[in-house]
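Please keep the sequence and the model in view while reading.

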Amino acid sequence: MSRFRQTQREVPGLNMAAMPDLIFTVLFFFMIVTHMREVKPMVRYQVPQGTEVEKARKAGMVYLFIGKPVNAQGESVGNEWRIQVNDHYVTLDELGQAIAAERAAMSEDDRQHMVVSIRADRNTEMGIISDVKQELRKAGALNINYSAVKK
């Protein structure tokens, strides 16, 4: 009979040379597909449904939210309707000045194609929306779109 001698074999180490490439590829992928929110809504709104929904272009867009106010945790803090232009609250009387300030901050090309996107809660009274439209008309913001989700 022959005698077999057991030899200690070392497990080869894991090759980590490709790990940085893989990490940067995954990081680049997430940077491309992630949508960054431009404006943080400070009001609670539930978008109404529509049948003829189109995607709007982003350049020259001013977001106007109408809804009930919420705090940083998303909890309701009041029952009155509030108007938010981009990232600050305004009253109906201040709406024209806020739109003028947003227009002044835009480039010349965006100023010509400025669109006010109204994102109102589905339960907002039509009187409030009508008052907002009148103030926008006085401010010279005639291109208005309404945000909705497809039915």
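Arg111 forms a salt bridge with Glu108, with 3.1 Å between the closest N and O atoms, where a salt bridge is a side-chain nitrogen of Lys or Arg within 4 Å of a carboxyl oxygen of Asp or Glu. The model is a predicted one, in which local features need pLDDT of at least 70 and side-chain atom pairs count only at pLDDT 80 or more, while totals for chains, interfaces and linings use all residues. Residues are numbered from 1 along each chain as its sequence is written, and side-chain values use heavy atoms, leaving out hydrogens and water.

By the salt-bridge rule the count comes to two, and the other pair is Lys138 with Glu135. Helices (H or I, at least four residues) and strands (E, at least two) are DSSP runs numbered from the N terminus. Arg111 and Glu108 are three residues apart in helix H3 (residues 108-112), so about one helical turn separates them; Lys138 and Glu135 both lie in helix H4, three residues apart, again about one turn of the helix.

| Salt bridge | Closest N and O atoms |
|---|---|
| Arg111 and Glu108 | 3.1 Å |
| Lys138 and Glu135 | 3.5 Å |

For accessibility, buried means under 20% relative accessible area, exposed over 50%, and partly exposed in between (1.4 Å probe, protein chains only). Arg111 counts as partly exposed at 31%.

A nonpolar core is a set of buried Ala, Val, Leu, Ile, Met, Phe, Trp, Tyr and Cys residues joined through side-chain atoms within 4.5 Å. The largest such core has 19 residues, of which Leu64, Leu95 and Leu136 touch the most other members. Strands E3 (61-69), E4 (82-85) and E6 (115-120) and helices H2 (95-104) and H4 each give two or more residues to this core, and its largest share, four residues, comes from H4. A second, separate core of five residues includes Val43, Met61, Tyr63 and Val115.

Some nonpolar side chains lie on the surface instead. A nonpolar patch there includes Leu14, Met16, Met19 and Leu22, and its members together have about 1,100 Å² of accessible area. Leu14 lies in the segment before helix H1 (19-33) and is exposed, with a relative accessible area of 74%. Leu142, in the loop between H4 and strand E7 (144-146), counts as exposed at 64% relative accessibility.

Taken as a whole, the protein chain has four helices and eight strands, and buried residues make up 27% of its 151 residues. Among contacts between residues at least 6 apart in sequence, 67% join residues at least 24 apart.

Confidence is expressed as pLDDT, the predictor's confidence in each residue from 0 to 100. The chain averages 81, and 85% of the residues score at least 70. Where pLDDT is low, the predicted coordinates should not be read in detail.

Conventions: Patch = residues over 30% accessible without salt bridge, like charges linked within 9 Å, V, L, I, M, F, W, Y side chains within 5 Å. Areas by Shrake-Rupley, 256 points an atom, 1.4 Å probe, with all protein chains shown as cover. Contact = heavy atoms within 4.5 Å.
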